[in-house]
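Welcome! Please take a look at the sequence and the structure below before reading on.

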Amino acid sequence: MPVIDLNSDLGESFGAYTIGHDDQMLDIISSANVACGFHGGDPLVMHDTLVRAGKNGVGIGAHPGFNDLWGFGRRQIKMDVAEVEKMLIYQVGAIQGMARATGTEVTHYKIHGALGNMACVDADLAMAAARAVKAVAPELLFVVLPMSELEKAGEKMGLRMAREIFADRAYDDNAMLVPRGTPGAMIHDAEVAGPRILKFIEDGAIESLSGKRIPVRIDTVCVHGDSPAAVDIARNLRGQFEAAGLDIVPMHKTLA
């Protein structure tokens, strides 16, 4: 049976502030990208998210980003690439420690927000991201946007990769995400997102905002957990996948 992974960015609440719909999403998705305390998350949230993901059989990923709680990691910050590399190593170490304490296992690695978007088009940042995981956890799957600098860096470093597309985001003609705030960049309608993504998977290609068809490999589909429509989109996607005969399996089990 053909397989696909459905992932979401979770564990992004902080202190008294609740972000996202983690409880509901963990009943739908097959892999969770868990914040490591810099753009969101804290030790208690990280611990709770890992425990719940483990109980649900959901794959666990490190989701490091900029040290920017105020901006939720979605503001571009200029940093020396060597500092970025060390910042990412620090965050991966944090979630690995918490995973060991909770009896769970980290199996993939995905850069968050603005840092991820910047690294998709900046070769130096992309290499810093790849070197970071290679140095501390080379066994982790490196989640990358197809045709991005992150994918190229992963290939250069010999990392195993999972190519990801987004259910709630639009693409430009270079297969990169259309920036948030641009008209049409965000997809909030579950009835639109589900059929659209299923078509991408069946065709082995994404379609840009202008209508350009771009062939790519697709291993996993992301629904942003903090989106107001996240649960509806994820539930619709899962239903579409199951109706089409796709088996929804954590990425680390199908790409081992």
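## Before we start

Please keep in mind that this is a predicted model.

## How helices 3 and 5 pack

Two packed helices can be described by the angle between their axes and by the distance between those axes. Here, helix 3 covers residues 81-102 and helix 5 covers residues 123-136. Their axes are 8 Å apart, and the packing angle is about 35°. The crossing of helix 3 and helix 5 is right-handed.

Which residues bring helix 3 and helix 5 together? On the helix 3 side, the residues in contact are Val81, Val84, Glu85, Leu88, Ile89, Val92 and Gln96. They meet Asp124, Leu125, Ala128, Ala129, Arg131, Ala132, Ala135 and Val136 of helix 5.

## What covers helix 4

Helix 4 runs over residues 113-121, and its buried residues are Ala114, Leu115, Gly116, Met118, Ala119 and Cys120. What covers these buried residues of helix 4? The cover includes helix 3 and helix 5, along with helix 6 (149-156).

## A buried isoleucine

Isoleucine 29 sits in the loop between helix 1 and strand 2 (31-35). Is isoleucine 29 buried or exposed? Its relative accessibility is 6%, so isoleucine 29 counts as buried, the cut-off for buried being under 20%.

Leaving out residues up to four places away in sequence, isoleucine 29 touches Leu6, Asn7, Ser8, Leu10 and Val58. Isoleucine 197 is 168 residues away from isoleucine 29 along the chain, and the C-alpha atoms of the two are separated by 15 Å.

## Salt bridges

How many salt bridges does the count come to? The count is 13 salt bridges. One of them joins lysine 110 to aspartate 9, with the closest N and O atoms 3.1 Å apart. Lysine 110 lies in the loop between strand 4 (106-109) and helix 4, while aspartate 9 lies in strand 1, so this pair ties together parts that are 101 residues apart in sequence. Lysine 110 is buried, with a relative accessible area of 4%, and aspartate 9 also counts as buried, at 4% relative accessibility.

Another salt bridge is found between arginine 52 and aspartate 48, where the closest N and O atoms are 3.0 Å apart. Both residues lie in helix 2 (residues 43-56), 4 residues apart, which is about one turn of the helix. In general, an α-helix has 3.6 residues a turn, so residues three or four places apart point the same way. Arginine 52 is partly exposed, with a relative accessible area of 21%, and aspartate 48 counts as partly exposed at 37%.

## A further pair and a network

Aspartate 68 forms a salt bridge with arginine 75, and their closest N and O atoms are 2.6 Å apart. Aspartate 68 counts as buried at 4% relative accessibility, whereas arginine 75 counts as partly exposed at 42%. Salt bridges that share partners also join Asp9, Lys110 and Glu164 into one network.

## A nonpolar patch on the surface

Finally, we turn to the surface. Which residues form a nonpolar patch there? The patch is made of Phe14, Tyr17 and Leu69, and together they have about 320 Å² of accessible area.

Tyrosine 17 is placed in the loop between strand 1 (3-10) and helix 1 (22-25). With a relative accessible area of 61%, tyrosine 17 is exposed.

Notes:
Residues numbered from 1 in each chain as written. Predicted model: local features only at pLDDT ≥ 70, side-chain atom pairs only at ≥ 80, totals over all residues. Heavy atoms only, no water. Patch = residues over 30% accessible without salt bridge, like charges linked within 9 Å, V, L, I, M, F, W, Y side chains within 5 Å. Areas by Shrake-Rupley, 256 points an atom, 1.4 Å probe, with all protein chains shown as cover. Salt bridge = Lys/Arg side-chain N within 4 Å of Asp/Glu carboxyl O. Helix = DSSP H or I, 4+ residues; strand = E, 2+ residues; numbered from the N terminus. Buried < 20%, exposed > 50% of the residue type's maximum accessible area, 1.4 Å probe, protein only. Axes fitted to C-alpha atoms, helices over the stretch in contact; angles between N-to-C directions. Left-handed = near helix turned anticlockwise from the far one by under 90°. Contact = heavy atoms within 4.5 Å.
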